[in-house]
Amino acid sequence: MLLKVGEKAPSFSLPDADMETIDLAKYQGQKHIVIFFYPKDGTPCCTKEVTDFSDHEDEFLRQDCVLFGVSRDDCMRHAEFRDKEGIGIELLSDEEGAVCKQYGVWQAKEVDGHKKFGVCRSTFIIDRRGIIRHALYNVNYKGHALEVLRLVKELNS
């Protein structure tokens, strides 16, 4: 089921690349939150998307916004990816896929005539009250980080 604008964002706790637990509820009432889901560490499109968000992290922080990238990769793979690419933002591991399902990004795709499930590249902008202000499914990674930054700036204006 896809999440909609105006709904309360599902809360969760997931481990980051350093196996520290990140609890989304900790940020409510304090910061805007951007959560972007991507298929896999180290693939060309995912690397471009994650590094774009990371490159603009300071601008998001100036907008009182934290960034979280989520994939089904394990913590070790996230750490290797982060270190290799110089990524500064938190990468969260949803190995079991529970959060991907909560956010409606675990979707069926047809590949060579076979139904296959995978992460649909998606981004959610959540305001300080924990309300989804933008639910962007099936996004194109090109220029996406700057588009999301523009939407976050609109929240603050």
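**Close-up views of a predicted model**

**View 1. Surroundings of Y27.** Apart from neighbours within four places in sequence, Y27 contacts I22, I33, V66 and F68, where contact means heavy atoms within 4.5 Å. This is a predicted model in which local features need pLDDT of at least 70 and side-chain atom pairs count only at pLDDT 80 or more, while totals for chains, interfaces and linings use all residues. Residues are numbered from 1 along each chain as its sequence is written, and side-chain values use heavy atoms, with hydrogens and water left out. Y27 sits in the loop between β2 and β3; helices (H or I, at least four residues) and strands (E, at least two) are DSSP runs, numbered from the N terminus. With a relative accessible area of 14%, Y27 is buried. Buried means under 20% relative accessible area, exposed over 50% and partly exposed in between, with a 1.4 Å probe and protein chains only. The C-alpha atoms of Y27 and K101 are separated by 21 Å, and the two residues are 74 residues apart along the chain.

**View 2. Aromatic pairs.** Rings of Phe, Tyr and Trp (its six-membered ring) pair if their centres lie within 6.5 Å; planes under 30 degrees apart count as stacked, over 60 as edge-to-face and the rest as tilted. By this rule there are 10 aromatic pairs. The ring centres of F12 and Y103 are 6.0 Å apart and the planes stand at 80°, so this pair is edge-to-face. The pair joins distant parts of the chain, 91 residues apart: F12 is in the segment before β1 (13-15), and Y103 is in the loop between α4 (98-102) and β6 (106-111). Both F12 and Y103 are buried. Y27 and F68 form another edge-to-face aromatic pair, with 5.4 Å centre to centre and 65° between the planes. This pair also links distant parts of the chain, with Y27 in the loop between β2 (21-23) and β3 (32-37) and F68 in strand β4 (residues 65-71), 41 residues apart. Y27 and F68 are both buried.

**View 3. A ring cluster and a charge over a ring.** F12, F37, Y103, F124 and Y137 are linked into a cluster by ring pairs. R72 lies over the face of W106, 4.4 Å from the ring centre. A charge sits over a ring if NZ of Lys or CZ of Arg is within 6 Å of the ring centre and within 35 degrees of the ring normal.

**View 4. Helices α1 and α5.** Two packed helices are described by the angle between their axes and the distance between the axes. The axes of helix α1 (residues 44-55) and helix α5 (residues 144-156) come within 8 Å and cross at roughly 40°, which makes α1 oblique to α5. Axes are lines fitted to C-alpha atoms, for helices over the stretch in contact, and angles run from 0 to 180 degrees between N-to-C directions. Angles under 35 degrees count as roughly parallel, over 145 as roughly antiparallel, 65 to 115 as roughly perpendicular and the rest as oblique. E49, D52 and F53 of α1 meet H144, A145 and V148 of α5 in this contact. The residues of the contact of α1 with α5 divide into three nonpolar, one polar and two charged. Here Ala, Val, Leu, Ile, Met, Phe, Trp, Tyr, Cys and Pro count as nonpolar, Asp, Glu, Lys and Arg as charged, and the others, Gly among them, as polar.

**View 5. A145 in helix α5.** A145 belongs to helix α5 and is buried, with a relative accessible area of 2%. Not counting residues up to four places away in sequence, A145 touches D52, F53, H56 and F60.

**View 6. T21 in strand β2.** T21 is part of strand β2 and counts as exposed at 58% relative accessibility. Leaving out residues up to four places away in sequence, T21 touches S13, L14 and P15. T21 and F68 are 13 Å apart in space, C-alpha to C-alpha, and 47 residues apart in sequence.

**View 7. Two residues with positive phi.** Most residues other than glycine have a negative phi. M19, which is not a glycine, has a positive phi near 65°. M19 is placed in the loop between β1 and β2 and is exposed, with a relative accessible area of 55%. N138, also not a glycine, has a positive phi of about 55°. N138 is in the loop between β9 (132-136) and α5 and counts as exposed at 61% relative accessibility.
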